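Please open the structure in your viewer and keep the sequence panel beside it, ready for a series of selections.

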Amino acid sequence: MDAKVLDGCDLATELVHEIRADAAEDRFFTNRANMDMADRVISIVVTVLVAACVCALLAHVLFV
């Protein structure tokens, strides 16, 4: 907030704006953490599927 003197209404308005900005920032970081977790899960699933395909290909080459 500025160093100016605020009356009650202006003070309440400034506090609401700060609270909304803080809440928006919290939502941003929460969404980002959720996206990071989703990216990890997707990469693990893809890695497992690729490993399964490689094992199936090797089994096919070796035993057929």
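The model is predicted, so local features need pLDDT of at least 70 and side-chain atom pairs count only at pLDDT 80 or more, while totals for chains, interfaces and linings use all residues. Residues are numbered from 1 along each chain as its sequence is written, and side-chain values use heavy atoms, with hydrogens and water left out.

Of its 64 residues, 0% count as buried (under 20% relative accessible area, with exposed over 50% and partly exposed in between, for a 1.4 Å probe and protein chains only).

Next, select Asp10, Glu14, Glu18, Asp22, Glu25 and Asp26, which form a negative surface patch. Within this selection, Glu18 lies in helix α1 and is partly exposed at 36% relative accessibility.

Then select Val50, a residue of helix α1 (residues 8-63) that is partly exposed, with a relative accessible area of 47%.

Finally, show the side chains of Cys53 and Cys55. The count of disulfides (pairs of cysteine sulfur atoms within 2.5 Å) comes to 0. Cys53 is in no disulfide, and its nearest cysteine sulfur, that of Cys55, is 9.4 Å away. Cys53 is exposed, with a relative accessible area of 54%, and Cys55 is exposed as well, at 52%.

Technical notes. Helix = DSSP H or I, 4+ residues; strand = E, 2+ residues; numbered from the N terminus. Patch = residues over 30% accessible without salt bridge, like charges linked within 9 Å, V, L, I, M, F, W, Y side chains within 5 Å. Areas by Shrake-Rupley, 256 points an atom, 1.4 Å probe, with all protein chains shown as cover. Salt bridge = Lys/Arg side-chain N within 4 Å of Asp/Glu carboxyl O. Lys, Arg positive; Asp, Glu negative; His and termini not counted. Charge placed at Lys NZ, Arg CZ, Asp CG, Glu CD.
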